[in-house]
Amino acid sequence: MKSKYIIFVILILSLCMSSFAYANETYLSEWSIEIKNQAGETDCFKQGDLIEVSVKNSNTIENALDSVVHFTYNTGLIEYVKEEDFKNVKEVFDVELNAPYIFSDGAVGVANTENTGTFTAAFVSDEGINFNGGQVIFKVYFKVLESGVSGVCPLNFRWIKKGVYASYIAENSDENKNFNINFKDLYVNVEGEELSEIATSLPSTESFVPEVFPTNENPENVNLNGQHLSLTTPYFVAFSKLVITNSPLEKAGVIVSKTDSDLSTDSKNSTLIDAINIGSDNCFGFLVYGNSLTEGTYYIRAYATYKDGNTIYGKVVPIEIKGDE
């Protein structure tokens, strides 16, 4: 990060603040998503591809009770395999299907595929279930749409981490507390028909600055998807959205500067912050705060760099930090 001043940045996704982790966050286990097509490819898929999505547990979990997990997927890019696809899944992945999913040995469960865009898995046990370290818990099978996909589109699998449908694993105890599980999202690409025209700029960057800033005496407590942050300094929120091109995304982010000139990824007088995740609707954003965020005008500009070397920018947007009146 290039900067002449120090600020703190936490990634958010669109209007919905996404999760972040403190440096000392300790997880009992991690549930990650692995993906491959019929050719064994793992990062870019084409129209008509069959996709096997595997959910893997990292460390042993014992006596888990009341365990339900949810993840979302892009309905404009993929759909569950249909019954007529089951034979091809058997030939390619050597898996016998009665539904678009299977549970691994020792992880008996049920699933719901009727809620379009969201997969739900519930694990069934009268006495609690054990998940072994390194175990593939369940697999879900999708097919990339055979038409209607243009350019190289981000395909996102996002765990639901808050609200009524939050993913959780609860231990078998009187208190029935949740295990601290790191549900890791996945971001890959789907390649469709080549675009004849490419956008030359990102959509408008949106921003929010509170009318009254928090202080040490009156902090603002923020819940970022289950993680708590107590803000005591000025802050602002900014977010933008990707455009689809004929090349996969390399990275995206935002540039923050005290001047409105030379806001590029090569600028020497600005702070360059790369996004960590991209939302399912291609949005990305940031919460920016810190003692060095003082009264005055800041300028922000979103950017996206693609693997063909092309960088597309958004408009320069001023952010006004007002002092006490």
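Two strands pair if DSSP finds at least two bridges between them. I'm jotting that down before anything else, since my notes keep coming back to strand pairing. One caution for myself: this is a predicted model.

**Entry 1: the cores**

I began with the largest nonpolar core, which holds 42 residues. Which members touch the most others? I found Trp31, Phe71, Phe131, Phe138, Phe142, Phe157 and Ile169. Strand β11, residues 136-144, gives the most to this core, with five residues. I also noted a second, separate core of 26 residues, with Phe236, Ala238, Val254 and Phe286 among them.

**Entry 2: strand β11**

Next I looked at β11 itself. How many of its nine residues are buried? I get seven, so I've written the strand down as mostly covered.

Then I went through its partners.

- Strand β4 (residues 50-57) pairs with β11 in the antiparallel sense, over seven bridges. Here I see Glu52 standing opposite Tyr141 of β11.
- Strand β6 (residues 78-80) runs antiparallel to β11 and is joined to it by three bridges. Glu79 has Lys143 as its bridge partner in β11.
- Strand β7 (residues 101-103) is also antiparallel to β11, with three bridges joining them. Ile102 stands opposite Lys139 in β11.

**Entry 3: Phe142**

**Entry 4: Ile35**

I moved on to Ile35, which is in strand β2 (residues 29-37). Is Ile35 buried or exposed? Its relative accessibility is 7%, and buried means under 20%, so I count Ile35 as buried. I then checked how far Ile35 is from Glu52: they are 17 residues apart in sequence, and 5.6 Å apart in space, C-alpha to C-alpha. Glu52 also turns up among the contacts of Ile35 beyond four places in sequence, and so do Phe45, Leu155, Phe157, Leu186 and Val188.

**Entry 5: Ser257**

Ser257 is buried because its relative accessible area is 1%, with the cut-off at under 20%. What does its side chain reach? I found a polar atom of that side chain 3.1 Å from the backbone nitrogen of Thr259.

Definitions and conventions
Residues are numbered from 1 along each chain as its sequence is written. This is a predicted model: local features need pLDDT of at least 70, side-chain atom pairs count only at pLDDT 80 or more; totals for chains, interfaces and linings use all residues. Side-chain values use heavy atoms; hydrogens and water are left out. A nonpolar core is a set of buried Ala, Val, Leu, Ile, Met, Phe, Trp, Tyr and Cys residues joined through side-chain atoms within 4.5 Å. Buried means under 20% relative accessible area, exposed over 50%, partly exposed in between (1.4 Å probe, protein chains only). Helices (H or I, at least four residues) and strands (E, at least two) are DSSP runs, numbered from the N terminus. A polar contact is a pair of N or O atoms within 3.5 Å; within protein, one must be able to donate a hydrogen and the other to accept it, and residues adjacent in sequence count only if both atoms are side-chain atoms. Contact means heavy atoms within 4.5 Å.
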